[in-house]
Amino acid sequence: MPTLPLSKARAGMVLAADAESLDGNYRLEAGLELSDGHLRLLRGWHVAAIDVKNDDASPPAPSRDAPEAAILERFAHLPADEPVVAALRRLALDRAATLPPPPPCPIPSAKAATPAALAPERILANDPVLVSLPEVFMRIREVLSDPDSTVEEAAAVIGKDPSLTAKLLKLVNSAFYARTMRVSGGLPPGAVDSLSRAVMLLGLNQLSTLAMGVSVLPLFKDIPPECIDMRQFWRHSVAVGLVAKLLASRLGDPSPERFFVAGLLHDIGRLVLYKQQPAASAAALARAAATGRLLVDVEREMFGFDHGKLGGMLLRKWRFPESLEQAVWRHHDPLGGEVPLEPALICVADMIAGATLSGGSGERLTPRFLPEVWRIAAISPGELPELVVMAESHLDVVCAMFA
Ligand SMILES: [Fe+2]
Ligand SMILES: [Fe+2]
């Protein structure tokens, strides 16, 4: 039973003894064949060495059918003969090679007691970072709530944060924005090189909403890697934002930017949970993986609320516009609120992106199919391939802006 420094461990080796995180909250069990994902987890747990059965193992040859089988598993809980589900499954199978397998799931140790019910208010109140917002955020909020604000004032407020300004200008100059603005006849030739020009093009309200959404992202930089790969998390968030904005534009919505921001922030409640309650979150991820159930259902069962509600409460606390708060709060239950349009488009975008685009926030399955919600989004199965290709073509570029 050789003991190996983690740097020498390779995929395909089999653990001879349990490997635990330093704090004892997470462990991988003896007998497990290590994948690259497991090795990433162990590095994130700062494990120095592991006991393996076979230190000469070579990585197993990937089975040709493995990606297809993994995708079919992600659709197993959905009605197979429903045209939308069939179309999404076909699209997912077509892109099987580009969709990574579900991440390995940490097994919470016995020490990670699961609280019967956490109070979302307490979780939000306990995080000092979440209660102190960036200065620029609060100033933008003031500008947004003042009907007499001018373009120059908004540009001056946002311009005080150079990193935010750079991100916004890159975003507005990206091909995704160029296309949507060209369609609406709003994009003149040449680059958008100043904030005032960006405000004039997008409108004060839309650029400010975008700036508010982007300005809170740095608050979630220090999430421990045990539960979630942050690159994959933001990739999923951006993918949902891109799809939601395309869906809103198709419906002729005059301010589709809020749908991009709602998509960007829709699973932010999960980040709060991963940050504030890592052991309970690991337990929920493990239970969902072991039982083949949706993570959102397991959250409701274990915590008494889901990540949508927690994220919505956070946005309410930050006094985001109510439509954004509701889109995030209700994205797994769009018909439970008063105005279903925003949450419905996020719900549909989450299902499309979750099924066909890379990235993920911890959910291993394709989100639930809600026929009434798809009727609100008014998109047919035949229109899905073009929509997915469109969102996918901008995903890398937009993700790179948030890196
Ligand atoms: Fe979600
Ligand atoms: Fe999601």
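The model is predicted, so local features need pLDDT of at least 70 and side-chain atom pairs count only at pLDDT 80 or more, while totals for chains, interfaces and linings use all residues. Residues are numbered from 1 along each chain as its sequence is written, and chains are lettered from A and ligands numbered from 1 in the order in which they are written.

In H16 (residues 295-303), the buried set is Leu295, Val296, Val298, Glu299 and Phe303, buried meaning 20 or more other C-beta atoms within 10 Å. These residues sit on the same side of H16, because they cover an arc of only 160° around the axis, taken from the directions from the helix axis to the C-beta atoms. Just past H16, Gly304 has a positive phi of about 90°.

As for Arg141, helix H6 (residues 135-145) is where it is found. Arg141 counts as buried because it has 20 C-beta neighbours inside 10 Å. Beyond neighbours within four places in sequence, Arg141 contacts Met212 and Arg319. Its C-alpha atom is 8.6 Å from that of Thr209, 68 residues apart along the chain.

Elsewhere, Ala244 touches Phe259, Phe260, Ala262, Gly263, Leu345, Ile346 and Ala349, leaving out residues up to four places away in sequence.

Key
Buried ≥ 20, exposed ≤ 12 C-beta atoms within 10 Å, placed from the backbone. Helix = DSSP H or I, 4+ residues; strand = E, 2+ residues; numbered from the N terminus. Contact = placed C-beta atoms within 7 Å.
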